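Work through the exercises below with the sequence and the model in view. Try each task before reading its solution.

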Number of protein chains: 4
Amino acid sequence: MKPMKKPIKKPKPKSSQMWGGRFEDKPADIMQQINASIDVDKRLWRQDIRGSVAHCNMLVAQNIISEEDGEAILKGLEQIGREIESGDFEFKPELEDIHMNIEARLKDIIGDVAGRLHTARSRNDQVATDFRLWVRDACSAVIEDICKLEDTIDTICREHHASVMPGFTHLQAAQPITLGMHLNAYKHMLERDKGRFHDCQKRLNESPLGAAALAGTPFPIDRDMTANELGFDKYMHNTMDAVSARDFAIEFLFCCAQCGIHLSRLAEEVIIWATPQFKFITLSDQWSTGSSIMPQKKNPDAAELIRGKTGRMNGNLIQMLTVLKGLPLAYNKDLQEDKESVFDSFDTIVLCLKAFEGMLSSATFHTDEMLAAAEDGFTTATRLADWLVMNLNMPFRDAHHVTGRIVKMAEEKQCRLSDLSLPDMQGVEPKITDAIYDALKVA
Amino acid sequence: MKPMKKPIKKPKPKSSQMWGGRFEDKPADIMQQINASIDVDKRLWRQDIRGSVAHCNMLVAQNIISEEDGEAILKGLEQIGREIESGDFEFKPELEDIHMNIEARLKDIIGDVAGRLHTARSRNDQVATDFRLWVRDACSAVIEDICKLEDTIDTICREHHASVMPGFTHLQAAQPITLGMHLNAYKHMLERDKGRFHDCQKRLNESPLGAAALAGTPFPIDRDMTANELGFDKYMHNTMDAVSARDFAIEFLFCCAQCGIHLSRLAEEVIIWATPQFKFITLSDQWSTGSSIMPQKKNPDAAELIRGKTGRMNGNLIQMLTVLKGLPLAYNKDLQEDKESVFDSFDTIVLCLKAFEGMLSSATFHTDEMLAAAEDGFTTATRLADWLVMNLNMPFRDAHHVTGRIVKMAEEKQCRLSDLSLPDMQGVEPKITDAIYDALKVA
Amino acid sequence: MKPMKKPIKKPKPKSSQMWGGRFEDKPADIMQQINASIDVDKRLWRQDIRGSVAHCNMLVAQNIISEEDGEAILKGLEQIGREIESGDFEFKPELEDIHMNIEARLKDIIGDVAGRLHTARSRNDQVATDFRLWVRDACSAVIEDICKLEDTIDTICREHHASVMPGFTHLQAAQPITLGMHLNAYKHMLERDKGRFHDCQKRLNESPLGAAALAGTPFPIDRDMTANELGFDKYMHNTMDAVSARDFAIEFLFCCAQCGIHLSRLAEEVIIWATPQFKFITLSDQWSTGSSIMPQKKNPDAAELIRGKTGRMNGNLIQMLTVLKGLPLAYNKDLQEDKESVFDSFDTIVLCLKAFEGMLSSATFHTDEMLAAAEDGFTTATRLADWLVMNLNMPFRDAHHVTGRIVKMAEEKQCRLSDLSLPDMQGVEPKITDAIYDALKVA
Amino acid sequence: MKPMKKPIKKPKPKSSQMWGGRFEDKPADIMQQINASIDVDKRLWRQDIRGSVAHCNMLVAQNIISEEDGEAILKGLEQIGREIESGDFEFKPELEDIHMNIEARLKDIIGDVAGRLHTARSRNDQVATDFRLWVRDACSAVIEDICKLEDTIDTICREHHASVMPGFTHLQAAQPITLGMHLNAYKHMLERDKGRFHDCQKRLNESPLGAAALAGTPFPIDRDMTANELGFDKYMHNTMDAVSARDFAIEFLFCCAQCGIHLSRLAEEVIIWATPQFKFITLSDQWSTGSSIMPQKKNPDAAELIRGKTGRMNGNLIQMLTVLKGLPLAYNKDLQEDKESVFDSFDTIVLCLKAFEGMLSSATFHTDEMLAAAEDGFTTATRLADWLVMNLNMPFRDAHHVTGRIVKMAEEKQCRLSDLSLPDMQGVEPKITDAIYDALKVA
């Protein structure tokens, strides 16, 4: 198909809306308010221009529009990019969304030829493409910040690989561990979080472009070409799936929520460790705040905020699961609600990761307090039981009961296990020898 | 206690933060970013000033500050109110929140005497007071919009009290009802929603002011006076509860979510009714949108958006339930996450109520299509069964089986029940008389 | 209408299902499995019989069925009640639900006259009635358990009205309070929770009975009579609302979730207080558990379980909000999912309330440790600042800064505020006199 | 270390609990009730025995217990397996959980040597191992059922690859598609769901066994050996992570919820298509139900239940996210709440997949109704616009407006686009030729 030279004249629509051909009335004010998404989706502008550039190149390559028109469009899009970047672009709510805002501006700049860009394309495949590009980048950004936090944790782990502290279960001292070992557990959690973001990114990396409204297009487009140019692994074969799928967004929201939950666990520990009762950690002034009424206060606000922000990431996940529930194919306007929560969870997880990195890297750990807590908490009781099994061939269950009685004795005497005398212990189990004292040391 | 005449000179703090007395470092950039809430809580400015005015009046009445200082403070607050209203007020993130922003500006205007306003008060009771005032107003606003929507529904119900349509169960035509009866069901749901907002408003209407940080204050304050001036029913006796309770916010979020769910049910019906297959309703152009690619489309976007926005109200509810889970007393910084979701659910439910009102009031109902659907769907089958019970003294279960066989016959003949001949029906149950035809009429 | 004497003969249905008149095939196995609800809803048996008795009495009173038949039905229902109570009743999944199980058994016992009970009634209004009765009782039961927990809290509050402990904000010691005051805060939260259950109970107390499938019934029923007999305030005027409304169930789920959140806050405190680092509380052996491997452990399992069970109550709330989203009128089978979560949240909140009551009433509070913590945490710093304002007429902001510097001095000297010398304090603010020491005492 | 021959005598504990050595009181009744998990976790019995066998084999191989003892233990475990399988095993709530129930029974059978099995193991690593094994199997089972549903969809797609129907956006006819294409979209969604289950399964396949309570064990165990025997890819290096991580369970819950959401979309479509207004599909009698009061009803209950069951899968996801929020390391009793929701989501998704498979494979699609709907809905309007662009070189935007006016004309004339006369269309755009009619055909 060869583009004709002379375009024909266009009719004048009654409604200013681009889709308003057969409409007699403009949208009501409240309708416009509930309908407009530009305040939220303008954040997709880079992706929208990138997608339009790829689409335009393909239209030219396939002779669907002329090279001349293609060049005009590309030049116009470039200018729009500069305008938005510099803050000179005026976003208009009456133009509803980022796609219409950019297209309308393109027409201002290059005239009616702008209208050729939307050939063989719909807002449905356009927004799906933009959004996938955005989430793909977001995954990379989150992964980068996870890596930075992991590095910080690694550094502390190396420094404190031998700093003894009580390992807790039920927030009760259980057995001696090291601070390095404790924090390293979070490294492993973050590794799995990273794996989830990678999986999400890989799964979403398919191009919806060319699906048009829902059924493809009769124009001889080349979907491989746009998919390649935009860095997608392939294009989505089912065009209805391409425009209506949002599981990629929900999966991203889940990855954020799960990572946030992991951060909330460490945040809780930081808050507890920072109490004068525990005194395991002191946060730097840079990462603490004071009170407007209590001058002595130094509060772990960053840790509390990180803990609290799990709420919004859980909420965002439920938001999208609710939106998609029972939604028939293909595009429905409900889907407009898909971006705000994704943007919010992304901003939140990035902020939390950065804050955690800063808070941890500037914190001071009090290894003396940790060691003392490990020594005070009967944390070697399990070793005592294990000694009984290994040396007296006692079944573990019986060793457990013997140890329980020895612990009770130490509790009553208000002393550590290692402070009990051998006769005391032999009073419970006569075969115990003084080799037992090695097992009772914490370090 | 009589205020002294000559104030003493103040020391110069190292940190610019109001609480920075013993801090050597300023907050890190990311810390400031995660910590600042001014972008969200500036929306409380009216309530903050209102609370401060009441607090100031009480401090003067109780001779805690001088009348002169009190007047200066009130004048300053008034000016700040004008500045914010007119858009001339500069909100500063480094001042963290609305309270500090207003207090700092007060100091600019009236000098050091501004510092006396915070006597016998903490940000903890201040924000709790502001927030309760805000939610109290929000309840009233939502109730007003529910009433408007109810009025619109009432109008349509009156107009269509006799417009026959099929009542659906399982989205299958069940029995004949009227459009008025159908929409009136939503009136009843909205009435209960209104009741929930009323209950929420009543339950929260207690004053936290005077609880200070968490333990009250040694100053001889009059908590009844501030409670009265602010329109609260009473003050909260337990000061720790006063600063840490957020169940009022969660209850508000629940009320919004539940009301949103009700709207989503009607929204779903509007969407289904607007299909060409049902053709029960046509939305006005003002409340529809078109497609950027399919020129014939007229889409019920408003209904879809209302349905979709249930997601964010469910999400906001989960957000706050998550934040409060396991949070020890009294104030924790996690609570800073309390306002954004409340503001968002409020904006959402108000927008949805207004949109629904506009969409419904301008819609056209096609009573002919509804009547036809009622006539086609064997919707009088239950009446037939009831007739058998009433007139032939058949147990209902048996009448149900007889009717089932008559329906099957009509289905096979592809006719309505009322189109079956008497001999046909008597073939199933010989005692049927032609009085049956009255029961088979839809209207 | 007078019931006729001689009933006619019934036809034989092909499908065993009560509704199977026009069905040629029985349900598939998996269909039966997904469709049957008897394992869950058999719990409604008391309410189902109670509702049937009221319905039967009304049918007789209105001459819709004969006295003789009515008596047979009542006697049959009574026998079924005894059978279920004694465990002799066989619930059959192929009969789907509690309603059909009872009706089928009724037929076994009294024969075909059983079929008359379902006159002028549908399973739709029947289950709505049963479920409202059940939730109404559930509210009373929860309220009773809240009251018991409140009583226990009251007892402890009275005993410890003067036991000084540090009040915390951000889990940092803030100001001295008493244990009585702290626990009393939870009394206030529980009071509001109770209020919510009362409101829920009041709002739901309307009778759906008589709405039949969705459109009422042509039989001359007396809805006031059944509403009265079942203790409802009135009957629901809109019959479509009557069968499709489930906001009462969602509201109940919300009340449970919110109450659970309150319990989780105190549970978290109990867990923290029970650490050897805090040592504020010791749980009794009856309310603790040990470890299968660490013989010294004594774990606050009950508190942890109460904290953890917030999860399922939040989850149940979201479950029902999701189910109802976008559900058209009137009855849809999705609504079958309404009972399991309500039963589960009820069982959970009752168990948590009882467990909390037992755990608290048998716990030991260590007032000496609490007092020491209050004395160590600079908790009188705010009083110091207040003293400066009251006695030196310093603006609060300035007093705050002075106090901050004095706290820092005490921190450096590792002493309490009350251990600082007067000259030390005067070095920061010369006008301080030794009257200051009264303000620095914790008690 | 060589096991000694003669075991020593065990002391008699006061409390019957295995961990009760130092406890003076038995748990309170309510404590036992809230604490016991056997009703739920008995479902792990196969995994528990499998894990114990692997642990026992390793203990023998490492000379930690004697071969003789090992054989006795294995024989005992085998017998227990048979007892549970045959229903002869008595589960006792006072033994708390599946681990203690099996261990206690083992002691009944083989005597005190049973106590040696718990050497170098804790319930913490034991339950984590059991649960990972269970979820691993669950992923395989779900994947299998997804494959079966995909096969059924494929079969229908092949049969209906050319059955024209309207593609919908906003539930309004948009463009002609085929039924095959529509259903194939779900195949793609299910493929991604399957990918998520695969990723989840792969990520969780690490062995916690050997982590003991949280800190490993001094016994010379071989963690590689147990990991291998149990089919894990490797063992978890961080022992604290091993016992406290539950992200694998949450990820599984998410996979179920997301898959459920996809099913709910198709379920909604089936419900809408089954209305007499759409008449696109008729469900078989095997997958439909009737009404107890309305004899003509044939309801798509299975589809409604599948749609409704999304609620519980969303709820279960939120349940676990809530439980894990802010939970310090390592094991806490809150984690006991982890299994019920996982079991429930598994049962639910499997039931939904099977039900969908059965419902679809036995359904009848009405291709004539679908074709008619495609022809009536102006669904070729976009092709008309594309024709204008391709043949008249009109910019798409202008073509869109021209088409809008032609659609309006057809609407007013109440005819299809293809029924408009050429002069009619030329009245809007004179350059249109009769070649246009090819573009207006639906098929």
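Predicted model: local features only at pLDDT ≥ 70, side-chain atom pairs only at ≥ 80, totals over all residues.

Residues are numbered from 1 along each chain as its sequence is written, chains are lettered from A and ligands numbered from 1 in the order in which they are written, and side-chain values use heavy atoms, with hydrogens and water left out.

**Exercise 1**

Describe the interface of chain A and chain D.

Step 1. Start with contacts, that is, heavy atoms within 4.5 Å. On chain A 109 residues touch chain D, and on chain D 109 residues take part.

Step 2. Take the buried area, the accessible area (1.4 Å probe) that two parts lose on being put together, summed over both. For chain A and chain D this is about 9700 Å², with 59% on carbon and sulfur atoms.

Step 3. Count the salt bridges (a side-chain nitrogen of Lys or Arg within 4 Å of a carboxyl oxygen of Asp or Glu). There are 10 between chain A and chain D. One of them joins D:Arg192 to A:Asp241, with 2.8 Å between the closest N and O atoms.

Step 4. Sort the chain A side by class. Ala, Val, Leu, Ile, Met, Phe, Trp, Tyr, Cys and Pro count as nonpolar, Asp, Glu, Lys and Arg as charged, and the others, Gly among them, as polar. The side of chain A that touches chain D has 47 nonpolar, 33 polar and 29 charged residues.

**Exercise 2**

Step 1. About 5500 Å² is buried between chain B and chain A, 63% of it on carbon and sulfur atoms.

Step 2. The salt-bridge rule finds 10 across the interface of chain B and chain A. In one salt bridge, A:Lys333 meets B:Asp301 at 2.6 Å, N to O.

**Exercise 3**

Into which domains is chain A divided, and how far apart are the C-alpha centres of domain 1 and domain 3?

Step 1. Read the bounds, which come from an automatic or database domain assignment. Chain A has domain 1 (29-119), domain 2 (124-369) and domain 3 (380-440).

Step 2. Between the C-alpha centres of domain 1 and domain 3 of chain A the distance is 77 Å.
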